[in-house]
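Colleague: I have the sequence and the model open. Can we go through a few residues together?
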Amino acid sequence: MFKLNDRKIARKLDIHGAFVRRTDLSGTSLRDANLSGAVSTNAIFRGADFAGANLSGTILRGADMSEAQNLSVEQLLLAIIDDRTVLPDYIDRTRLKLTR
């Protein structure tokens, strides 16, 4: 966080449309981040915090999202995942449409 005139300013990650294949973002705060359209095939998001993150059109094929925090089925329904995508235990995979 940055301070400007004694006010805290939180910076939000914006990697929409970025190519982040095989990138290790384990433990990263992705709160309110914009990952829309990002190519995140085989990326590692172990323990990352997805509260409020925009995953619309994000390609998460083969991504490791084990132990991710604050990730919802609603967010994942907007993303592109497959049967190799590792999801946290609290996500009910049967509620998701998988793509090949």
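Colleague: Where is N42 found?
Modeller: N42 is in the loop between β2 and α1. Helices (H or I, at least four residues) and strands (E, at least two) are DSSP runs, numbered from the N terminus.

Colleague: Where do these coordinates and numbers come from?
Modeller: This is a predicted model, where local features need pLDDT of at least 70, side-chain atom pairs count only at pLDDT 80 or more, and totals for chains, interfaces and linings use all residues. Residues are numbered from 1 along each chain as its sequence is written, and side-chain values use heavy atoms, with hydrogens and water left out.

Colleague: Back to N42. What is its phi?
Modeller: Phi of N42 is positive, about 60°, although N42 is not a glycine. E67, another residue other than glycine, has a positive phi near 65°. E67 is also in the loop between β2 and α1.

Colleague: Is E67 buried or exposed?
Modeller: E67 counts as exposed because its relative accessibility is 64%. Buried means under 20% relative accessible area, exposed over 50%, and partly exposed in between (1.4 Å probe, protein chains only). N42, at 28%, therefore counts as partly exposed.

Colleague: And S40, buried or exposed?
Modeller: S40 has a relative accessible area of 0%, so S40 is buried. S40 too has its place in the loop between β2 and α1.

Colleague: What is S40 in contact with?
Modeller: Leaving aside neighbours within four places in sequence, S40 is in contact with V20, F45, T58, I59, L60, R61 and A63. Contact means heavy atoms within 4.5 Å.

Colleague: What does L35 contact?
Modeller: Beyond four places in sequence, L35 is in contact with I15, H16, L30, F45, A53, N54, L55 and T58.

Colleague: H16 is on that list. What does the side chain of H16 make a polar contact with?
Modeller: With the side chain of D14, at 2.6 Å. A polar contact is a pair of N or O atoms within 3.5 Å; within protein, one must be able to donate a hydrogen and the other to accept it, and residues adjacent in sequence count only if both atoms are side-chain atoms. H16 counts as partly exposed because its relative accessibility is 48%. Outside four places in sequence, H16 contacts N34, L35 and S36.

Colleague: New topic: what does G27 touch?
Modeller: Not counting residues up to four places away in sequence, G27 touches R46, G47 and A48. G27 and A48 are 21 residues apart in sequence and 4.3 Å apart in space, C-alpha to C-alpha. G27 counts as exposed, because its relative accessibility is 56%.

Colleague: Where is confidence lowest?
Modeller: In strand β1 (residues 2-4), with a mean of 42, while α1 is highest at 96. The chain averages a pLDDT of 89, and 87% of the residues score at least 70. pLDDT is the predictor's confidence in each residue, from 0 to 100.
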